[in-house]
Amino acid sequence: MVPNRNKSLSVNQNVNKTENYEEAYRRSLEDPEGFWAEVGAVVDWYKPWDKVLDNSAQPLTDWFVGGEINACYNAVDRHIKAGKGKKVALIHDSPVTESVTKITYDDLYEKVSLLAGALVNLGVVKGDRILIYMPLIPEAIISMLAVVRIGAVHSVVFGGFAARELCARINHATPKVIIAANCGIEPNKIVRYKDILNTALDRVTEKPKHCIIYQRPNMEPSPLTPGIDILWSDALSTAKHHPCVPVEANHPLYILYTSGTTDKPKGIVRPTGGHIATLCWTMSCIYGMTEDDVWWTASDMGWVVGHSYICYGPLCAGITSVMYEGKPDRTPDPGQYFRVIQDHKVNGLFTAPTALRVIRREDPVLEFGSKYNTKSLRTLFVAGEHCDHETLAWAGKVLNVPVLNHWWQTETGHSITATCLGFGHNLKPPMFSAGMPFPGYDVRILKEDGSPCQLLELGRIVVKLPLPPGVMSCLYKAPERFLNTYFNNFIGYYDTMDAGYTDEKGYIYVTARDDDVINVAGHRLSTSALEDVILSHPDVGDAAVFGVPETTKGEIPLCLYIKNKNCSKKEEDINNEIVQNVRDLIGPIASFHLCAPVQGLPRTRSGKTARKSLSNLASGKKVIISGTIEDPSVYLDIKQVLQKLGYAKNAPDPEIEK
């Protein structure tokens with residue numbers, strides 16, 4: 001049974017597995033054709049599919065074969081046709097520009113269809129690639145929808161990526177047109193996107209035919225390059241509204257490059273039909289949203305979370321989606337998340353745990369947050385990295401809502417495991433769990449030799465094939481790499497490359513990327529398990545654990561942490577208490593004795609800790625700082641701290657990629 005996405009949902013269930021969940025999960029695996037046909041029906045199709053599932057070339061799986069659909073029609077046009085054109089589709093809240101903009105579905109249609117016409121005027125046809133390089137502004141969403149409206153394929157590059165990374169993605173995707181903004185706005189600086197784009201274009205092997213440049217209001221405009229650059233306003237002024245172009249269900253919706261793939265770009269290719277149908281369904285099934293709700297995903301475009309749950313998920317479901325162009329703490333203070341919830345009456349919030357840790361560290365007693373009324377919020381969802389229990393409990397207490405962890409990947413596009421409001425799951429899942437397997441994911445925990453792990457035994461998390469609709473269909477221009485990376489280690493399974501375990505109730509626990517499991521004298525230890533203990537210390541606001549070389553044990557853990565604001569305790573006392581806590585709760589097996597405070601930790605814009613770079617720095621290796629890192633300056637302080645601990649002695653200073 002597929003829950004009705006418009007049904008009023010209760011959030012007071014106190015069960016583990018429910019009858020609805022059990023039946024849906026069973027059917028998704030045993031009767032995938034029947035089950036996913038019901039999910040497919042939540043969106044509108046130009047032509048029904050001929051076949052729900054074609055698994056004849058496993059691990060390549062096609063869903064809704066022969067069906068014709070358009071993602072933009074489902075995100076915009078069908079809501080207008082249903083008489084909901086005056087409803088607000090997007091709320092752009094930008095403290096960095098001190099502005100709030102509300103865009104209705106009618107407004108979206110007007111701008112998206114004109115930009116689609118402008119692209120057609122420039123020669124763009126079905127299947128062409130269009131690269132989008134913009135900050136978190138409505139024009140980024142408008143660009144995405146305009147591209148897919150005409151059957152082209154967008155590749156959004158996170159705004160602010162350095163020229164080197166941008167160049168690599170342009171070379172790989174070979175876009176016919178690039179759509180870019182002239183600048184992005186950070187708390188203390190203006191990032192001149194157009195200058196970065198110019199540098200990248202000087203290096204590319206195959207230039208786009210045109211660049212459409214959006215000049216942000218009230219900002220210094222960027223000079224245009226004659227013969228290639230076209231002003232956004234000029235492009236729209238000469239265009240006509242363009243209708244949606246139907247595409248086959250497995251036609252690519254977008255290419256999204258995973259972070260850290262400059263040398264060998266890894267572009268996830270997303271199929272259209274199964275993805276938007278599944279996303280639309282998850283808005284109610286996982287997140288408990290109805291068409292009358294306001295949804296906020298605190299992320300950026302260029303990351304999968306932004307694609308799935310700022311743009312396609314909420315808009316296809318006809319929900320109001322909030323875009324917040326700001327930081328958790330510096331634009332201008334750590335009360336902004338609370339303000340956004342109050343001002344826009346947000347009902348559901350999805351964010352990375354890092355944002356919550358920052359707010360907790362900077363405003364532990366809610367000096368700023370308590371000014372705002374957050375009673376509209378029903379549920380807080382976290383994903384993107386492991387969420388420690390202390391942060392989760394704090395957030396639940398200050399917001400007075402359930403805080404639900406769930407787990408998914410860029411490759412999957414939506415949750416592999418979750419606590420689903422639409423299935424009436426228990427809203428107090430076991431500590432540290434990432435929820436139950438989501439329908440379509442036959443999750444297993446395997447040892448290195450492919451044999452199954454016992455309950456509570458740490459192993460590699462894999463998913464038995466076939467994968468459900470909406471996950472990646474391939475890697476762009478790299479079919480062999482696609483097969484070798486994800487399907488060759490465990491034949492018949494998708495390799496998530498994450499480590500974890502399952503309990504007797506069926507809950508999944510994701511401990512870390514398998515690369516982040518430290519091997520101490522033959523004992524496999526999860527970095528997240530150690531971080532959970534460290535973050536329980538009342539004076540620790542954030543922490544990162546990673547492996548460093550040790551002559552007898554091979555590798556031992558080292559912890560860098562950030563002290564909470566206004567902490568007055570001596571560093572030596574905090575260190576001793578952290579070490580003792582780990583010894584008490586993990587045991588001497590961890591061989592843990594190295595820890596020190598730092599000013600900041602290297603986090604990506606999506607909230608992940610760059611542990612590998614820390615480990616490399618400690619080992620004396622050269623570190624190139626990715627453009628995904630929020631604050632590159634933290635590395636110099638970290639290097640000095642590591643040297644005091646006896647590491648990174650001959651390491652060169654980390655360099656920002658150019």
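**Figure 1. Charged side chains across the chain.** The chain carries 69 positive and 74 negative side chains, and the centres of the two sets lie 2 Å apart. Lys and Arg count as positive, Asp and Glu as negative, while His and the chain ends are not counted. Each charge is placed at NZ of Lys, CZ of Arg, CG of Asp or CD of Glu. This is a predicted model: local features need pLDDT of at least 70, side-chain atom pairs count only at pLDDT 80 or more, and totals for chains, interfaces and linings use all residues. Residues are numbered from 1 along each chain as its sequence is written, and side-chain values use heavy atoms, with hydrogens and water left out.

**Figure 2. The fold of the chain.** The chain holds 18 helices and 35 strands. Both are DSSP runs numbered from the N terminus: helices are H or I with at least four residues, strands are E with at least two. The radius of gyration is 24 Å, close to the 26 Å of the globule rule for 658 residues, so the chain is as compact as a globular protein of that length. That radius is taken over C-alpha atoms, and the rule is 2.2 Å times the number of residues to the power 0.38. Of the 658 residues, 63% count as buried. Buried means under 20% relative accessible area, exposed means over 50%, and partly exposed is in between (1.4 Å probe, protein chains only).

**Figure 3. Y46 and Y73, a tilted pair.** Rings of Phe, Tyr and Trp (its six-membered ring) pair if their centres lie within 6.5 Å; planes under 30 degrees apart are stacked, over 60 edge-to-face, and the rest tilted. By this rule the count is 34 aromatic pairs. In one of them, Y46 and Y73 sit 5.6 Å centre to centre, with 55 degrees between the planes. The pair links distant parts of the chain, 27 residues apart. Y46 lies in the loop between helix 2 (32-40) and strand 1 (51-57), and Y73 in helix 3 (residues 71-81). Y73 is buried, at 17%.

**Figure 4. Y501 and Y509, a stacked pair.** Here the ring centres are 4.7 Å apart and the planes meet at 5 degrees, so the pair of Y501 and Y509 is stacked. Y501 is partly exposed, with a relative accessible area of 21%. Y509 is buried, at 8% relative accessibility.

**Figure 5. A cluster of rings.** Which residues do ring pairs link into a cluster? They are Y21, Y25, F35, W36, W63, W281, F423 and F438.
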